[in-house]
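Keep the 3D view open as you read.

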Amino acid sequence: MAKQINVALIGNPNTGKTSVFNRLTGLNQQVGNYPGITVEKKQGTCKLSRNVKAHVIDLPGTYSLNASSLDENVVIELLLNKNDKDFPDVAVVVADVENLKRNLLLFTQIKDLGIPTILAINMADRMKRKAISLDIEILEEKLETKIALISSRKNEGFDSLKELITNFGKLNNKPCLNASVIAPEYFNRLRKTFPNQDLYKLWLVITQDVNFGKLDRQELKVVASFKTESESNLKRLQQKETIARYQFINKVLKETLIVDAANAKDLRSRLDRVLMHKFWGYIIFFGILLLIFQAIFDWSTYPMDWIDSTFASFSEWTKSAMPAGDFTNLIAEGIIPGLGGIVIFIPQIAFLFLFISILEESGYMSRVVFLMDRVMRRFGLSGKSVVPLISGTACAIPAIMATRNIENWKERLITILVTPFTTCAARLPVYLIIISLVIPEQRVLGIFTLQGLSLLFMYFLGFASAIVSAWLLDRFLKVKSKTFFVVEMPNYKLPLFKNVAITVLEKTKSFVFGAGKIILAISVILWVLASYGPGDFNNAESIVNEQHISETLTDQELDTKIAAFKLEHSYIGILGKGIEPAVAPLGYDWKIGIAIVSSFAAREVFVGTLATIYSVGSEEEETIKNRMAAEVNPILGGPLFNFASGVSLLLFYAFAMQCMSTIAIVKKETNSWKWPIWQFTVMTAIAYIVALGAYQFLK
Amino acid sequence: MLTIATLKKGQRATILEFSVDVVPLKLLEMGCLPGNEVELVQIAPFQDPLYLNINGSHLAIRKETAEKIEVKLI
């Protein structure tokens, strides 16, 4: 059997660690979640020699072992747990040659854990241009390690890195810093209590608020007794540790690193001057947002239409190719359209992540945070929340996936919870048809139409409710999350195509196989509810035929009448009728009730469902609209779609969370059913109350 | 009191001792240590946050944090 070496890639953010991972593993990688939390777990394999394989795990980027986020907790939990199956045989610390000093802080900490550690100095191709020279031999000697100079951009140095990994047994495990120099008295006490333990590890267990699941309980209790030391005292010791480490690093680098400072001012400052300009900076950012919006709102409609028609014809083909019956119907009308309903999101997801990964890779995203922080912070959001909120205007699914980039959990959660308020593209057909029905075609100020302004107002309402609810959530949501704001401003870099491509691929895959299951299940259930029913449903043909026996109807007219009858008597129809007493105060009848229930598949289904119920037999918007205008309110008389009920419907669609795909993705991104259920309940309640108020006030 | 927050754009200063209770450890780890040199590179619109260059490490911090770090002009 081939030998396998467990390798952990560790490093600060922005060191190109993920590029190194992609270089090592190529497409032999899997992305999942750590159990119980939504931190991405990336692992892959890399062939080192004929009989030796490396199992590489790409740990979340961190500046030190003092964890302050979920992502960073993952790193320390793994490195302190020898029993974990992923516990590394060897750690590769990836450092950026231009930020060597800061990157070495983490290196010394990892080395002090007693794990064999290799230092991979990345971006070595920039050394010449930046006038950086390094004495590798002396550096290896001082740090007591082996160093690989690599460039993931130029694909250089990976052979020697692989060789170092293969021969990890030759590395020594001596620590860089004797932990007890930090506070001799305190550490002496520790040593007396735990004579057989590594002091630095103990120190981490004491100072870190991390869940060490597999540590010995007995040990934990005694360790807890050392926590009684006052918190600010512990912090002081941590500060001392950091300073001691930097002293060591400074001493080492003084002998090995020469940087010619004359070359320092460069691309960064020139680009920063424009991209972070107090006027042009915003103009450029909004230009980029517009481009993203254009891509997911407009460009992606071409592949989406294609997917739509392909699945439709596939469904037709299946129906004709297989023997008629319930099973064929399930495949052709339930499962195939359900799968289509998942695949249809791929173009938008791919476009959004194409842009986001370019923005992240290039270093621009940190500038966005810098520009937007002051504005967004007031609402409990991050500067990075802007991108999901704007993307939400096209579709909430990719938008919610994009919140992964927000480091702070509370800010991420708030962004996830409020994004579905923004006016997504699926609401547009509903808004358009209702606005054209109930808002008069009148010009305002010569150039605007009342209908156009109403639509604009709906978009504004979406944003406003997202922002206001974010503000409220920030106040009332109790989420444990340390917040302080330190953002690194990385160097500008040209994005690597390979990294961008892998991100897009991974995000798409994780949507299809993660949220896809739930979407498929719900859409099949909805299909069953709409296509089967008790009693009269099963005799639809004969009943409708009898009703219209005296009229001369074409086959097509008869078919649409049968379809309407079937929908009315299906389970979903019964459900729609059942909720009529609840929706009547909002100004709706049972037909609208059915349309609202079926909208759960996707909001735009509203229009199609009404078309079926009214047996219009046409997908033409004008025809449907005329039929809707003729509909009479069964209780009050007069048109059913009047100003009051129209506004009520608009508001209901603005606030209600009627989208199973959103629920599925929120479940995936928050890793629990708690938040999607909470979100669904609260949003539906708001929608109901607002629509009720509007109808009762206007009628 | 002269702090990072009172620096003008482009000004450079040396960081003085500060209290651990008010300055997050993370900032220290990213190079913001007493004795190091800090340059205020840029101020965001509305005067917040601040973009710093501390010994070659480029960071943005909020004004409320910057106000707690005393400096001495170079």
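Chain B of this predicted model holds two helices and five strands. Read from the N terminus, its elements follow the order β-α-β-β-β-α-β. Its C-alpha atoms occupy a box of roughly 30 × 25 × 25 Å along the principal axes. The radius of gyration of chain B is 11 Å, and the globule rule gives 11 Å for 74 residues, so chain B is as compact as a globular protein of that length.

Now look inside chain B. Strand 2 of chain B (residues 37-43) and strand 3 of chain B (residues 50-54) pair in the antiparallel sense. Five bridges hold this pairing. In one of them, Glu39(B) has Asn53(B) of strand 3 of chain B as its bridge partner.

Strand 12 of chain A pairs with strand 4 of chain B in the antiparallel sense, over three bridges. Val486(A) stands opposite Ile61(B) of strand 4 of chain B.

Next, take the contact between the chains as a whole. Here 25 residues of chain B are in contact with 28 residues of chain A. On the chain B side, helix 1 (25-29) and strand 4 each supply at least two residues. The residues of that side divide into 15 nonpolar, five polar and five charged.

Chain A has a sheet of its own. This one is open, with seven strands in the order 2-3-4-1-5-6-8 and mixed pairing. Strand 2 (29-33) and strand 8 (146-149) of chain A stand at its edges. Each has a single partner strand, so one side of each lacks a neighbour in the sheet. Neighbouring strands of this sheet are turned by 25 degrees against each other on average, direction ignored. Within the sheet, strand 1 (residues 3-11) and strand 5 (residues 90-96) of chain A run parallel, joined by five bridges. Leu9(A) has Val92(A) of strand 5 of chain A as its bridge partner.

The axes of helix 26 (residues 590-598) and helix 27 (residues 605-613) of chain A come within 8 Å. They cross at roughly 140 degrees. Helix 26 and helix 27 of chain A are therefore oblique to each other. Their crossing is right-handed. Helix 26 of chain A contributes Lys591(A), Ile594(A), Ala595(A) and Ser598(A) to the contact. Helix 27 of chain A contributes Val605(A), Phe606(A), Thr609(A), Leu610(A) and Ile613(A). The residues of this contact divide into six nonpolar, two polar and one charged.

Key
Residues numbered from 1 in each chain as written. Chains lettered and ligands numbered in written order. Predicted model: local features only at pLDDT ≥ 70, side-chain atom pairs only at ≥ 80, totals over all residues. Axes fitted to C-alpha atoms, helices over the stretch in contact; angles between N-to-C directions. Helix = DSSP H or I, 4+ residues; strand = E, 2+ residues; numbered from the N terminus. Parallel < 35°, antiparallel > 145°, perpendicular 65-115°, else oblique. Left-handed = near helix turned anticlockwise from the far one by under 90°. Contact = placed C-beta atoms within 7 Å. Nonpolar A, V, L, I, M, F, W, Y, C, P; charged D, E, K, R; others polar. Pairing = 2+ DSSP bridges. Rg over C-alpha atoms; globule rule 2.2 N^0.38 Å.
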